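Please keep the sequence and the structure in view while reading.

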Amino acid sequence: MKAKMMALGLIIASLTIGFSTEVFAKEPPVAKLVQIEGEVEYSRNGKNWTPVRRTKYLFPGYMIRTGEDSSGKLISQATGDSQDLGPNSEIQVAVDGVKLINGKLSEPEEESNSLFQSL
């Protein structure tokens, strides 16, 4: 009986540790994509593209592309700075920030809008 209880305790401990390390292993979002205009899509693998219809948190490895007459605004989660993403552009999200692949991405600017200003 004592061996069964010990085995059950080890199984529960293993599962708890396994689940907790999986939660902590995920990277936080690098940026947030807002003010989406026109055709804006994201991909996690560069092959399957999905339309972005509302605010989207961007994680390392994501790719974003905009169509003709399309745009969006990126807000850095680390600094709060914003960048405008222009039409016909493509970016790659990395742990240390957003990298322009082609097209137009403005220089980072201090975001002046607060939650209270947007209400």
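A residue is called buried under 20% relative accessible area, exposed over 50% and partly exposed in between, computed with a 1.4 Å probe on protein chains only. By that rule Asn48 is exposed, because its relative accessible area is 54%.

The model is predicted: local features need pLDDT of at least 70, side-chain atom pairs count only at pLDDT 80 or more, and totals for chains, interfaces and linings use all residues. Residues are numbered from 1 along each chain as its sequence is written, and side-chain values use heavy atoms, with hydrogens and water left out.

**Confidence**

pLDDT is the predictor's confidence in each residue, from 0 to 100. The protein chain has a mean pLDDT of 84, and 76% of its residues reach 70 or more. Over residues 20–25 the pLDDT is below 50, and this stretch has zero contacts in the model beyond near neighbours in sequence. A contact here means heavy atoms within 4.5 Å. Residues 114–119 also have pLDDT under 50, and for them the model has one contact beyond four places in sequence. Where pLDDT is low, the predicted coordinates should not be read in detail.

**Overall composition**

Two helices and ten strands make up the secondary structure of the protein chain. Helices (H or I, at least four residues) and strands (E, at least two) are DSSP runs, numbered from the N terminus. Read from the N terminus, the elements follow the order α-β-β-β-β-β-β-β-β-β-β-α. Of the 119 residues in the protein chain, 29% are buried. Among contacts in the protein chain with a separation of 6 or more, 50% are between residues 24 or more positions apart. The protein chain exposes about 8,500 Å², with 56% of it supplied by carbon and sulfur atoms; accessible areas come from the Shrake-Rupley method with a 1.4 Å probe, and for residues only the protein chains shown count as cover.

**Two open sheets**

Two strands pair if DSSP finds at least two bridges between them.

Strand E6 (residues 71–76) and strand E7 (residues 81–85) run antiparallel and are joined by four bridges; the bridge partner of Gly72 in E7 is Leu85.

Another open sheet of five strands has the order E3-E2-E5-E8-E9, with antiparallel pairing. Its edge strands are E3 and E9, each pairing on one side only. E2 and strand E5 (residues 63–66) run antiparallel and are joined by four bridges, and Glu41 has Arg65 as its bridge partner in E5.

**Loop residues**

| Residue | Relative accessible area | State |
|---|---|---|
| Asn48 | 54% | exposed |
| Asn88 | 48% | partly exposed |
| Ser106 | 19% | buried |
| Ser89 | 2% | buried |

Asn48 lies between strand E2 (40–43) and strand E3 (50–51). Leaving aside neighbours within four places in sequence, Asn48 is in contact with Tyr42 and Ser43.

Ser89 is in the loop between E7 and strand E8 (90–94). What does Ser89 touch, not counting residues up to four places away in sequence? The partners are Ile64, Arg65, Thr66, Asn102, Gly103 and Lys104. The side chain of Ser89 also reaches the backbone oxygen of Pro87 at 3.1 Å. A polar contact is a pair of N or O atoms within 3.5 Å; within protein, one must be able to donate a hydrogen and the other to accept it, and residues adjacent in sequence count only if both atoms are side-chain atoms.

Ser106 sits in the loop between strand E9 (97–102) and E10. Its side chain reaches the backbone nitrogen of Asp84 at 2.7 Å. Not counting residues up to four places away in sequence, Ser106 touches Gln83 and Asp84.

**Backbone angles**

Asn88, in the loop between E7 and E8, is a residue other than glycine with a positive phi, near 50 degrees. Gln35 is not a glycine either, and has a positive phi of about 50 degrees; Gln35 lies in strand E1.
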